Amino acid sequence: MAKAAKSSFVCQSCGAVSSRWAGKCAACGEWNTIVEEAGVAALAAAPGSGLQRAAKGKPAPLEALSGGAAEAPRIATGLPELDRVTGGGIVPGSALLIGGEPGIGKSTLLLQVAARFADAGRRAVYFSGEEAAAQVRLRAERLGLAASPVALGAETNLANILATLEQGKRPDLVIIDSVQTLWADGLDAAPGTVSQVRAASQSLIRYAKQTGAAMLLVGHVTKDGQIAGPKVIEHMVDTVLYFEGDRGHPFRILRAVKNRFGPTDEIGVFEMAGSGLREVANPSELFLGDRDNTAPGTAVFAGVEGSRPLLVEFQALVAPSSLGTPRRATVGWDSNRLSMLLAVLDARCGLSFSQADVYLNVAGGLRITEPAADLAAAAALISSLTNTPLAPGDVFFGEISLSGAVRPAGHMSTRLREAHKLGFKRAVIPAAGDVEDSGKPKLSRLSHLRDLIDVVGASRPKAREK
Ligand code: TYD
Ligand code: MG
């Protein structure tokens, strides 16, 4: 009895519970993440039951795999970009978690979704824990949505939220902005701590499953971009979406990292405008919009996100370094990948970057994770190093292995079609891999990275003495 009330120490990063405070979590190795929370042991011991303890169990009905609804019914949100990311719409009874940096536009997006739902005659309830009702109303006015019949509540107490939801017509969509502001009565911990967030999410998800209302939870992210609170919440919900973008750019990307009802490789592209988020149906044109073709160090990558081709510009700057250890910095690309690429260029092609600072940037605030971008990045680096502008009609894609071999990428034909549509004349692509050669764009096929130097017309630097 005394045990249940005893406080324990919970890592706010991974959720591990320990009996003592420590500076470093033994489970995940994070520093300064352990916080004292009361009564967590009891809660953790009875997951699923939330706050009350279950009595004697009663048998649950077991069912066959066949039968029942084959395809999850979906409600189209009226925002095709969001529907694309979720796999065709929001599944009733499902729980979605949307994470993103502060100010990126989560509240704006969700208010727009709620308004679309409400305008279609469905019941949408929006609980704002971060902003007062007047602030949300102000935003709605700015977005031109003030007339939409969205039910708005400014509430952070979990029990009150559930009681509100029980009243009146069953909602089709419930939005909680954000889970970090919620608190449950029975817990001593402060809002935003692991046990509060976990207990609140659990109750809300249970509510969604029982009633068939879709639950959209907003989650804060930590400074390294993870959704705050333990991974547990990502495991509990059906879908995890990240809303990302660079605040200096108007573009916002919605990305699924987990989806029980659809693909996880699709992205939705939005533009933050004065009147809210605008959908961008053809992102390639947008990301290539203001190209300066003549500068050395820029190369266009023919990428694919999900089922959609996406052409973006890679920009590299190789500048003499005055530092003992030259700088390497990337925006929108993995810096480990850049280090690998520089090592391959050095070891396999004889191009040395060891005396130079190297900067690599994906234009437009986009983050590229596809390995097929290696070739475009390499082309930009070679172009900047040798001060040779690339032909403005060239696009690149292909993965580069540590041996310097250029490996095939997926969706080659999709990439080529998009490149042709946008007026590119030549595609520099891997030698291997099936692709129908329509002659448009012209294909330059490479099997090794060293051939790239000739293909882009860069003068080969003097061979290094061994
Ligand atoms: P918000 O939705 O409040 O972000 P989050 O909930 O993720 O913290 O978005 C706030 C930002 O969006 C703010 O910096 C201003 C900008 N914004 C616009 O540019 N246009 C608009 O119509 C709105 C509502 C916001
Ligand atoms: Mg917000």
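**Exercise 1.** Which polar backbone atom lies 2.8 Å from an oxygen atom of ligand 1, and to which residue does it belong?

*Solution.* The model is a predicted one, in which local features need pLDDT of at least 70 and side-chain atom pairs count only at pLDDT 80 or more, while totals for chains, interfaces and linings use all residues. Residues are numbered from 1 along each chain as its sequence is written, chains are lettered from A and ligands numbered from 1 in the order in which they are written, and side-chain values use heavy atoms, with hydrogens and water left out.

The backbone atom belongs to G276, and it is 2.8 Å from an oxygen atom of ligand 1, where a polar contact is a pair of N or O atoms within 3.5 Å. The protein covers 74% of the 560 Å² of accessible area that ligand 1 has on its own, as computed by the Shrake-Rupley method with a 1.4 Å probe.

**Exercise 2.** Describe the surroundings of ligand 1.

*Solution.* Begin with the 16 residues around ligand 1, of which G103, K106, S107, T108 and R139 come nearest; a residue counts if one of its heavy atoms lies within 4 Å. Next, take the side chains: a polar atom of T108 lies 2.6 Å from an oxygen atom of the ligand, and an N or O atom of R139 lies 2.7 Å from an oxygen atom of ligand 1. Finally, α4 (106-119), α5 (133-143) and β11 (267-273) each supply at least two residues of the shell, helices being DSSP runs (H or I) of at least four residues and strands runs (E) of at least two.

**Exercise 3.** Work out how helices α10 and α11 pack.

*Solution.* Helix α10 spans residues 335-349 and helix α11 residues 374-386, and they pack at an angle of about 65° with their axes 11 Å apart, the axes being lines fitted to C-alpha atoms over the stretch in contact and the angles running from 0 to 180 degrees between N-to-C directions. On the α10 side, the residues are R337, L338, M340, L341, L342 and L345, and they meet D374, A377, A378, L381 and I382 of α11, contact meaning heavy atoms within 4.5 Å.

Key. Polar contact = N/O pair within 3.5 Å; in protein donor to acceptor, adjacent residues only side chain to side chain.
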